[in-house]
Amino acid sequence: MSKLKMPNSLPEPNINENAKIVLQRRYQRKDTTGVVYETPKELFWRVASSIAEEERKYGESVYTPSKLAREFYDLMTSYRFLPNSPTLMNAGTGLGQLAACFVLPVEDSIEGIFDAVKHAAMIHKSGGGTGFSFSRLRAKESVVGSTGGVASGPLSFLKIFNCATEQIKQGGTRRGANMGILRVDHPDIMDFIKAKERDGELNNFNLSIGLTEQFMQAVEKKEDYDLIAPNTHEVVGQLNAREVFNILVNKAWESGDPGIVFLDRINRDNPTPAQGEIESTNPCGEQPLLPYEACNLGSINLGACFAKGKNGHDSEIDWEELRRIIHLSVRFLDNVIDASIYPLDKITETVERNRKIGLGVMGWADLLFQLNIPYNSQTAIDLGERVMKFMRDEARAASKQLAAERGPFPAYAESIFGETNLGPYRNATTTTIAPTGTLSIIAGCSSGVEPLFALSFVRNVMDDDKLLESNPFFEKALREADAYSTKLMEEIAKVGTIRKMDHLPESLRSVFVTAMDIQPIWHLKMQAAFQKYTDNAVSKTVNLPNEATREEIWDIYWKAYEYGCKGVTVYRDGSKMSQVLCTGDDK
Ligand code: CDP
């Protein structure tokens, strides 16, 4: 618990109706009988003060802990910035596991595999999600030296990981998510591609195929490529790259799974190649990590950085305010590393060596609404690039400032920055764009860099109460255009979109677009725009209408490669009964 006393003058936070429910269910402290004994104000102070306390370690700081605690409190309760869920849940509680993202190695031995299952269970219990590469496991039916028997292959073990996850809820609240990755040149790749064929199978896993540039070139040239046994490194077969890619696309068309990650692209951005290759990402794909590495994330609400134009000037982004928020948020996230107690010593060592943090954004669609810019426009893409470049430059500047106060990350000299004049930085990476599934509910904003799903919808709340909810910026614009009525909102809630409502002004219909109104290519362009200036990766789903064709998905997967994305996930409306959600919902 923090030694900092809550000041009497601390203002009460404003909590929206949905946040009230989410905070109470999952974030506010409860006693052993499940009775909530912490108020939202106490929650935010617990987090702010315990993270600010870390400042004491560093004599050089420009802040006193109490001043910083107040700044952090204001930052969070104005919903300008929120740290990832485990930090909100666990900071200052003595539980102390504050990171959302982990990657564990899966070694090719029974001990290695079950170590990974155990470690994953420990991580899930503490609120984190885990990513694994199964690429090191020998193929099914290859020989097991010790017994003379045959191996059962990555897929059978994957089921054990899935089953173990089923039994463990994160901190007693939600179930942890997993990512499973297999390299495209693994001999069991075809089984893996089809692993989620049946709905509900491996429901605690997102699956992605690790594609290499060599493979993509073979797809282009319609050539065969080699399958390599991971245990012997021998070529054990060949497949036609284009056929494999076709099947991959078919499966993604059927169910959204598997996604793809571009391993070479990810490793080109690996800031510490001397420590080995990156084989996997966290569950939602936005955070590539080394084995035994963890990362804490935090997101800035861009919707709160809008500056209304005065004296005839156009409305703009409040860049100065954004800069202030970025610097404070980077300090926050760097402190989180020190405040965190990781479930394994090996993780502590890796995290403290590289000190990765992932600052990202949410509320992007809200900002575009306020600026009157359609999501599906070149203006939005250009602005996305500009915002993210600013984010990355300022986050790095803040990390540099911290390095001056606290020293660079210990592996700095051997990192890619060691040889350039870019550093020294306090953190090997500073930027990541998370899905913000729950954070966006708490902040009452649109999630990540996604467009809205619906402008207005009916939310089923407990005991079948129905609540009509709509985006506040949309509602405001309707009122300003004198078009608002409850009847209209109910109409919109039936379909989510106003695209076909000819009686509404075109100026509204072009700006207030939803995920389904947008051509898939704009989803991808937006992802690429943000990826350009993101150290880690971008969580984004390319949403497609039900009638989208396999060719369209082929095109998206291919363009994701051409545009330099680190991976891509598609979802065709109605193609899956239940989804592996990375929202705050229980799975
Ligand atoms: O909004 P919140 O901080 O709760 O999380 P998010 O941004 O939606 O997801 C960030 C990361 O948290 C994911 O990529 C996972 O690593 C982890 N996560 C998880 O393990 N289990 C969940 N049910 C949701 C998220």
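Reader: Hi! Before we start, what kind of model is this and how are the residues numbered?

Author: It's a predicted model, where local features need pLDDT of at least 70, side-chain atom pairs count only at pLDDT 80 or more, and totals for chains, interfaces and linings use all residues. Residues are numbered from 1 along each chain as its sequence is written.

Reader: Switching to helices. At what angle do α5 and α6 pack?

Author: About 25°, and their axes are 10 Å apart; α5 covers residues 110-125 and α6 residues 153-166. Helices are DSSP runs (H or I, at least four residues), as strands are (E, at least two), numbered from the N terminus. The axes are lines fitted to C-alpha atoms, for helices over the stretch in contact, and angles run from 0 to 180 degrees between N-to-C directions.

Reader: So are α5 and α6 roughly parallel or antiparallel?

Author: With that angle, α5 and α6 are roughly parallel to each other. The cut-offs are under 35 degrees for roughly parallel, over 145 for roughly antiparallel, 65 to 115 for roughly perpendicular, and oblique for the rest.

Reader: Is their crossing left-handed or right-handed?

Author: The crossing of α5 and α6 is right-handed.

Reader: Which residues make the contact?

Author: From α5 you have Ile113, Val117, Ala120, Ala121 and His124, and from α6 Phe157, Ile160, Phe161, Ala164 and Thr165. By class, the contact of α5 with α6 has 8 nonpolar, 2 polar and no charged residues. Contact here means that two C-beta atoms, placed from the backbone, lie within 7 Å.

Reader: What about α14 and α19, how do they pack?

Author: Helix α14 (378-406) and helix α19 (520-531) pack at about 25°, with axes 8 Å apart. They're therefore roughly parallel to each other, and their crossing is right-handed. On the α14 side the contact uses Ile381, Gly384, Glu385 and Met388, and on the α19 side Lys525, Met526, Ala529 and Phe530. Its classes are 5 nonpolar, 1 polar and 2 charged residues.

Reader: Let me pick Glu385 then. What does Glu385 touch?

Author: Not counting residues up to four places away in sequence, Glu385 touches Ala529, Lys532 and Tyr533. Glu385 counts as partly exposed because it has 17 C-beta neighbours inside 10 Å. The rule is buried at 20 or more other C-beta atoms within 10 Å of a residue's own, exposed at 12 or fewer, and partly exposed in between, with C-beta atoms placed from the backbone.

Reader: And Val47, is that one buried or exposed?

Author: Val47 counts as buried, because it has 29 C-beta neighbours inside 10 Å. You'll find Val47 in helix α2 (residues 40-53). Leaving aside neighbours within four places in sequence, its contacts are Met76, Thr87, Leu88, Ala91 and Gly92.

Reader: New topic, the backbone. Which residues are joined by a cis peptide bond?

Author: Asp257 and Pro258, with omega about -5°. Pro258 lies in the loop between α9 (241-255) and β10 (259-262).

Reader: Why would anyone point that out?

Author: Because most peptide bonds are trans, and most residues other than glycine have a negative phi.

Reader: Then where does Asn311 lie, and what's its phi?

Author: Asn311 lies in the loop between β14 (306-307) and β15 (316-317), and its phi is near 50°, a positive value. Asn311 counts as exposed, since 4 C-beta neighbours are inside 10 Å.

Reader: And what's phi for Asp482?

Author: Near 60°, again a positive value in a residue other than glycine. Asp482 is in the loop between α16 (472-480) and α17 (486-495). With 7 C-beta neighbours inside 10 Å, Asp482 counts as exposed.

Definitions and conventions
Left-handed = near helix turned anticlockwise from the far one by under 90°. Nonpolar A, V, L, I, M, F, W, Y, C, P; charged D, E, K, R; others polar.
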